[in-house]
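Dear colleague,

Please find the structure below for your records. A summary of the findings follows it.

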Amino acid sequence: MGNDFPVIVAGGGPVGLTTALDLVSRGIRVLVLERNPTTTRHPKMDVTNGRSMEHFRRLGVAERIRDKAVPREHCMDVSWVTRLSEWELARFKYPNVHEWREHIRQHNDGSQPLEPNMRLSQVVLEPELRDILEASPLAEVRFGWAFEDFTQDEDGVTVAALEVATGRRQEIRCALLAGCDGGASAVRQKLGFELNGAFNVARVFMTHFHSPAKEFLQTFGVVWHYQTPDGATLIAQDDKEIWTLHVMLPPGTDEAAIDPKQIVYRALGREFPLEVLQANAWSPHLVVSNGSGRGRVWLAGDSVHQLIPTGGYGMNTGIAESADLAWKFAAMLQGWGGPRLLGTIEAERLPIAQFSVDSSRENTAVRLQIAQNYDPVIHEDSPTGAAVREKLGKLIIELGNAENESLGVELGARYRNSPIIRHEDNEPAWDRIRFIPSTWPGVRAPHVFLDSGEAIFDLFGHGFTLVRFTDANVDGFIAAAAERGVPLKLLDVRDANAHKIYERDLVLVRPDHYVAWRGNAAPADALAIIDHVRGA
């Protein structure tokens with residue numbers, strides 16, 4: 001039985017669309033199935049971190065997406081207030097995209113991402129990714145088509161799909177299936193995996209709204225997030241007219257009686273003109289699947305993990321998973337991936353999913369500590385109120401804002417137990433906040449600008465890249481890769497700063513920017529190393 005598509009991606013959210021885009025960039029034909037008739041109306045994520053933007057840059061779409069985002073000139077400040085109509089307690093200042101780029105250039109020591117963060121709602125990101133995909137002759141995107149079931153055999157996967165509007169069913173064959181179909185993932189359920197962890201850790205009411213009251217909503221200037229100690233977060237989606245408010249609900253709240261406008265007015269301190277676009281209660285979870293896939297079927301995104309959005313690790317962890325899944329799927333379809341390769345998706349990514357969930361929990365604990373110190377007297381225009389506000393503001397600054405400063409989480413995720421990494425002893429330090437650059441096998445290769453002004457990431461190949469800083473003979477390495485059909489680019493770099501940061505004369509970098517092997521001379525067993533890193 002032949003296959004209709006090399007890959008089917010179940011789920012047309014940002015992770016599914018990015019997985020498809022990555023596969024298309026590698027010459028793989030893809031079908032995307034999305035249950036909903038169109039892209040999401042729910043804002044969900046509102047930041048794409050630097051690591052995800054590195055992947056979008058690798059795919060050639062970073063600047064196109066930025067053009068749809070909050071203007072590059074706007075900051076990412078986070079402000080704590082008593083109410084928007086009252087007093088500011090504390091502020092964490094963060095640069096705009098241009099300022100971040102200059103900071104990255106001035107700190108060319110491997111400690112920075114190549115790309116700054118991007119403020120962009122999922123409501124805007126999904127249509128842009130869809131449009132990019134639909135322009136490719138290698139992609140077919142079907143909205144309004146639900147994944148229902150699959151069976152796999154030694155030759156491929158048969159997917160049962162349903163056209164929601166008509167009830168028409170179709171069986172479609174593929175070689176590999178990517179389950180990117182969200183928290184209630186049907187693919188995960190069909191695989192027999194369960195989510196483990198803490199469910200329904202809170203109850204939150206979300207109001208997504210349009211308002212012309214920009215002057216009030218920017219009382220303390222342009223700010224990405226306004227946060228209050230009694231559990232409200234206001235997100236500026238475009239710094240112009242679209243906003244999202246999340247409010248923690250006390251236990252026992254009658255949700256059916258909630259008036260979305262009134263909850264906004266109470267949280268922000270006064271009435272103002274607004275149009276509700278979307279409103280609903282929701283429950284965050286801190287959970288991870290007990291498996292990532294089996295055989296020809298593998299998961300990415302919310303189908304694997306769900307967490308509280310303190311830190312923005314949800315979608316961004318999913319984008320990293322899409323990069324991992326895509327190059328490994330491509331390797332199998334192109335004939336150079338070994339029989340162990342797909343199994344490493346779980347070995348590498350599941351511990352990172354748990355790390356992201358744990359980091360989200362730690363960030364939430366900071367917010368809870370602030371909430372525990374909330375005293376209604378902070379709303380009083382009195383000496384007592386002023387004194388309590390000053391004390392609470394100092395506490396907020398002391399606790400810090402790790403959820404928006406954790407480069408160690410965003411860039412430092414490492415594959416400690418991967419069977420396709422040539423591991424070394426003496427693992428370098430891993431700090432959740434600070435990213436400590438290294439080329440220890442299993443970590444992301446450091447970003448560095450070369451003397452030419454070029455970013456080293458921009459010079460990597462689509463497959464593996466062997467970075468060579470000396471005249472070491474690597475003919476055997478290149479021949480071994482060719483013998484196994486592994487795409488390998490030799491990148492010669494003569495740059496003292498980059499050489500120092502990369503720590504060895506030779507560094508083998510995978511298609512997802514992770515270091516697979518390093519050394520100061522070509523190995524005698526080059527073929528064994530190539531077989532190891534391709535999962536043979």
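Among contacts (heavy atoms within 4.5 Å) in the protein between residues at least 6 apart in sequence, 72% join residues at least 24 apart.

This is a predicted model, in which local features need pLDDT of at least 70 and side-chain atom pairs count only at pLDDT 80 or more, while totals for chains, interfaces and linings use all residues. Residues are numbered from 1 along each chain as its sequence is written, and side-chain values use heavy atoms, with hydrogens and water left out.

The protein has a radius of gyration (over C-alpha atoms) of 24 Å, which agrees with the value near 24 Å for a compact globule of 536 residues; the globule rule is 2.2 Å times the number of residues to the power 0.38. Its C-alpha trace spans about 75 × 60 × 40 Å along the principal axes. Of the 536 residues, 58% are buried, meaning under 20% relative accessible area with a 1.4 Å probe, protein chains only.

The protein contains 16 helices and 24 strands; these are DSSP runs numbered from the N terminus, helices being H or I of at least four residues and strands E of at least two.

Strand 12 (residues 204–210) has six of its seven residues buried. It runs antiparallel to strand 15 (residues 242–248), joined by seven bridges, with Val 204 opposite Met 248. Seven bridges also join strand 12 to strand 16 (residues 275–282), again antiparallel, and Phe 205 has Ala 281 as its bridge partner there. Strands count as paired if DSSP finds at least two bridges between them.

Yours sincerely

Methods. Buried < 20%, exposed > 50% of the residue type's maximum accessible area, 1.4 Å probe, protein only.
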